[in-house]
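Dear colleague,

Please find below the structure that I am handing over to you. My findings follow it.

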Amino acid sequence: MQDVQDITAWPHPPVTAHRRRADERESRRANGADWDRYADEYQATHGGFLGDIGFVWGPEGLTESGAGILGDVRDRDVLEVGSGAGQCSRWVSSQGGRAIGLDLSHRQLQHSRRIDEATGVVVPSVRGTATALPFADARFDVVFSSFGALQFVADIDVAVAETARVLRPGGRFAFSITHPTRWMFPDDPGEEGLTATQSYWDRTPYVEVDDETGATSYVEHHRTLGDWVALLAGAGFRLTTLLEPEWPEGNERLWGGWSGTRGRLTPGTAIFGADLD
């Protein structure tokens, strides 16, 4: 066990952070419960930025309408993995696509239902995991994840293979994640977060453990840019897009470790787009 750190942050009880191995079962159990606890605060804090019918790729504010990473979604069958409250899928529906959402968190899906009713733009959504998509082979034209499930998955090769399975030939896969270089730095939006403290190539997962119960409460997994390219190629994808959005002038928003202080110097988000051969 290494790099142990005490953390106290709402809405969690006090936790201790570790760098250690965590398998798919432990990751899934911890992260599903974590998002159920965090969903209300997340939607209250970030809902206005995301928009009820809006597609934002990350804290920098890059939108799909501006980036066009998915391509034309009109009359396309589209799956969002890690859909949360369905904001991105609702935007896809507004553009004429047939969107479906999938998320591990029951509470996030309740928020999706709430926004469905408020907007009248309904996104069918199911509870499930990226490593066992409950859909038939070749069901979708597009699969995407906007800061969704992928960095919380231990068995990432299984998740990418599942995406390939449910895509039709020539289908599009796009996703955004924390930029892999961020793993070298503390998760701090201030100047303390600008000093590298660990190796970029250390792929040991980040794990939080509840101090009172000893239960794992959060797990996040790190892969390098090269790891992601190899994963996509190994599953039959051809990488066509890799974006590293710059922090825009006028964006003074703090979002966890994302901020203008850091974003003007180093990328915080990586966005991948690939086509299935």
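Arg114 is partly exposed, because its relative accessibility is 43% and the range between 20% and 50% is classed in that way. This residue is found in helix α4 (residues 106-119). Arg114 and Ala85 are separated by 29 residues in sequence, and their C-alpha atoms are 8.5 Å apart in space. Please note that the model is predicted.

Nonpolar cores

The largest nonpolar core comprises 29 residues, and Leu79 and Phe237 have the most contacts inside it. Two or more residues come from each of β3 (77-81), β4 (98-103), β6, α5 (156-166), β7 (167-178), α6 (225-234) and β11 (269-276). Of these elements, α5 gives the most, with five residues. As general background, nonpolar side chains in soluble globular proteins tend to be buried together.

Leaving aside residues up to four places away in sequence, Leu79 touches Ile100, Leu102, Leu133, Phe135, Phe140, Val142, Val143, Phe144 and Val166. One of these contacts, Phe140, also has a charged neighbour: Arg139 lies over the face of its ring, at 4.7 Å from the ring centre.

Helices α5 and α6

In α5, the buried residues are Ile156, Ala159, Val160, Glu162, Thr163, Ala164 and Val166. They pack against β3, β6, β7, α6, β10 (237-243) and β11.

In α6, Trp228, Leu231 and Leu232 are buried. They lie on the same side of α6, because they cover an arc of only 95 degrees around the axis. An α-helix has 3.6 residues a turn, so residues three or four places apart point the same way. The buried residues of α6 pack against α5, β7, β10 and β11. Gly236 follows α6 and has a positive phi, near 90 degrees.

Aromatic pairs

A search of the whole structure gives 20 aromatic pairs. Trp57 and Phe144 form an edge-to-face pair, because their planes are at 75 degrees, with the ring centres 6.4 Å apart. This pair links distant parts of the chain, 87 residues apart: Trp57 is in the loop between α1 (24-50) and α2 (64-67), while Phe144 is in strand β6 (residues 140-146). Trp57 is buried, with a relative accessible area of 0%, and Phe144 is buried, also with a value of 0%.

Tyr206 and Tyr218 form another edge-to-face pair, at 6.1 Å centre to centre and with 75 degrees between the planes. Here Tyr206 belongs to strand β8 (residues 206-210) and Tyr218 to strand β9 (residues 216-220), and the two are 12 residues apart. Tyr218 counts as buried because its relative accessibility is 16%, and the cut-off for buried is under 20%. Both tyrosines belong to a cluster that ring pairs form from Trp35, Tyr38, Tyr42, Phe49, Phe152, Tyr206, Tyr218 and Trp255.

A buried asparagine

Which residues does Asn31 touch, not counting residues up to four places away in sequence? They are Leu104, Phe152, Tyr218 and Val219. Asn31 is placed in helix α1 and is buried, with a relative accessible area of 3%.

With kind regards

Methods: Residues numbered from 1 in each chain as written. Predicted model: local features only at pLDDT ≥ 70, side-chain atom pairs only at ≥ 80, totals over all residues. Heavy atoms only, no water. Phe/Tyr/Trp six-rings, centres within 6.5 Å; stacked < 30°, edge-to-face > 60°. Helix = DSSP H or I, 4+ residues; strand = E, 2+ residues; numbered from the N terminus. Buried < 20%, exposed > 50% of the residue type's maximum accessible area, 1.4 Å probe, protein only. Lys NZ or Arg CZ within 6 Å of the ring centre and 35° of its normal. Core = buried A, V, L, I, M, F, W, Y, C linked by side-chain atoms within 4.5 Å. Contact = heavy atoms within 4.5 Å. Arc of directions from axis to C-beta.
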